[in-house]
Protein chains: 2
Amino acid sequence: MRISELARESGIPIPTIKYYLREGLLPPGLPTAATQAEYGDGHVERLRLIRALVDIGRLPLASVRDIVGWLDDDAPDVGAVVGAAHEALPPTPEANVDPARALALTERLGWTIDPGSTSLHRLAEALQALDDVGLAPDDAKLDIYARAAAEVAEVDIATTPVPGQDDATPADVVRYVVVGTVLYEPLLLALRRLAQQDLFYRR
Amino acid sequence: MRISELARESGIPIPTIKYYLREGLLPPGLPTAATQAEYGDGHVERLRLIRALVDIGRLPLASVRDIVGWLDDDAPDVGAVVGAAHEALPPTPEANVDPARALALTERLGWTIDPGSTSLHRLAEALQALDDVGLAPDDAKLDIYARAAAEVAEVDIATTPVPGQDDATPADVVRYVVVGTVLYEPLLLALRRLAQQDLFYRR
């Protein structure tokens, strides 16, 4: 299809598509003339993915570029990419918080965590902020949060294809983990707020 | 204390404190001279709250202004403020998505939800985005997410003080609900990513 049809099909305006092409987020089409190229269903899919990551995942374009780079890699090392993705995906911790308490929590939970993990610093930062405003959770509340997070993570991992099985290529696995991590976060937060509304209504 | 001591105590630079004073985020101190004022512990607390909402909650200053406005209200209507807070707190849905499917999900879960709720639109948006990229959850996966969200919401509500009981003023309740909603979100997301890391490590 031509770029005009790609715009219609994806619902994304031509100037935006041209911008994604220039920025390397969207692979070029097959040239058919000096100023024309032919695009395929893969381009429509890629555009939907970019919009989902930007609109729903609220990722900056630099992170989207990282992600599509991993997807375009022919033979990614899945474990390495998952680690890199968790580190590279926003939000990035800003404050310089001691991760000791967060690490102690994950140890209490029996989780194996890299002490340099960005998510561990995010956890430390969140605990510190709750402390600062006098809303720190006690261990019982933290355990409920951790258990809920683990239940969700378990179904996340259980529904992730295994490379070599399920006809899954490494790129499929990367797509699942990275995109799933980003796009399921707003789903979880929306459900939490809705559950709160239901409980408040009943109370 | 003087503004210089307030800056030392809170770790926030004087120009930033002056900016918050001008913007009405921080109540003025008690004037002691033409260009001097006296600040108290309440100012230190308020500054910590503002930083937590900005740094960890990643709220825009306009939302922080709304929140401190609710806290400064002498006799807030708690139910109305909780509703207003959920509607006013980011992220705001951008896309125009039909909430029918999200509403059907909350009905299946037996939750009582206002069909105009922003969180319902956020849920609809997230479901649509996952559909668009071919990662839509089936009902079994959605139920696990919803159950985890409900467990977390239950402890949220259970640890919220009741006005009139626990020496809680309405402002305490508002602070708990609004600030807790915002600051516990990064905690939950960090725990989910850490639980995924642990499960990936074991797999």
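Of the 203 residues in chain A, 49% are buried, where buried means under 20% relative accessible area, exposed means over 50%, and partly exposed covers what lies in between (1.4 Å probe, protein chains only). This is a predicted model, in which local features need pLDDT of at least 70 and side-chain atom pairs count only at pLDDT 80 or more, while totals for chains, interfaces and linings use all residues. Residues are numbered from 1 along each chain as its sequence is written, chains are lettered from A and ligands numbered from 1 in the order in which they are written, and side-chain values use heavy atoms, with hydrogens and water left out.

**Confidence.** The predictor's confidence in each residue, pLDDT, runs from 0 to 100. Chain A has a mean pLDDT of 85, and 90% of its residues reach 70 or more. The model scores ipTM 0.81 and pTM 0.81.

| Helix of chain A | Residues | Mean pLDDT |
|---|---|---|
| H5 (lowest) | 78–88 | 69 |
| H8 (highest) | 139–158 | 94 |

Where pLDDT is low, predicted coordinates should not be read in detail.

**Overall build.** Chain A has nine helices and two strands; helices (H or I, at least four residues) and strands (E, at least two) are DSSP runs, numbered from the N terminus. Along the sequence, their pattern is α-α-β-β-α-α-α-α-α-α-α. Taken along the principal axes, the C-alpha atoms of chain A fill a box of roughly 65 × 40 × 35 Å. The accessible surface of chain A is about 9300 Å², and carbon and sulfur atoms hold 51% of it; these areas come from the Shrake-Rupley method with a 1.4 Å probe, and for residues only the protein chains shown count as cover. Of the contacts in chain A with a separation of 6 or more, 56% are between residues 24 or more positions apart, a contact being heavy atoms within 4.5 Å.

**Symmetry.** Chain B superposes on chain A by a rotation of 180 degrees with 0.0 Å of shift along its axis (RMSD 0.0 Å). That is the relation of a two-fold axis. The C-alpha of Ala148(B) is the one in chain B nearest the axis, 2.3 Å from it. The same surface serves both copies, as 100% of the contact residues of chain B recur in chain A. The superposition is by least squares on the C-alpha atoms of residues with pLDDT of at least 70 in both copies.

**Helix H7.** Helix H7 of chain A (residues 118–132) has 15 residues and reaches 21 Å from its first C-alpha to its last, close to the 21 Å expected at 1.5 Å a residue; the expected span is 1.5 Å times one less than the number of residues. H7(A) is mostly covered, with eleven of its 15 residues buried, including Leu120(A), Leu123(A), Leu127(A) and Leu130(A). At the N-terminal end, Ser117(A) caps H7(A) with a side-chain oxygen 3.1 Å from the backbone nitrogen of Ser119(A). Just after the helix, Gly134(A) takes a positive phi of about 75 degrees.

Which residues does Ser119(A) touch, not counting residues up to four places away in sequence? They are Ala190(B), Arg193(B), Leu194(B) and Gln197(B). Ser119(A) is buried, with a relative accessible area of 2%.

**A residue in chain B.** Leu109(B), in helix H6 (residues 100–109) of chain B, is partly exposed at a relative accessible area of 25%. Leu109(B) touches Asp143(B) and Ala146(B), not counting residues up to four places away in sequence. The C-alpha atoms of Leu109(B) and Arg147(B) are separated by 9.0 Å, with the two residues 38 apart along the chain.

Note on methods. Polar contact = N/O pair within 3.5 Å; in protein donor to acceptor, adjacent residues only side chain to side chain.
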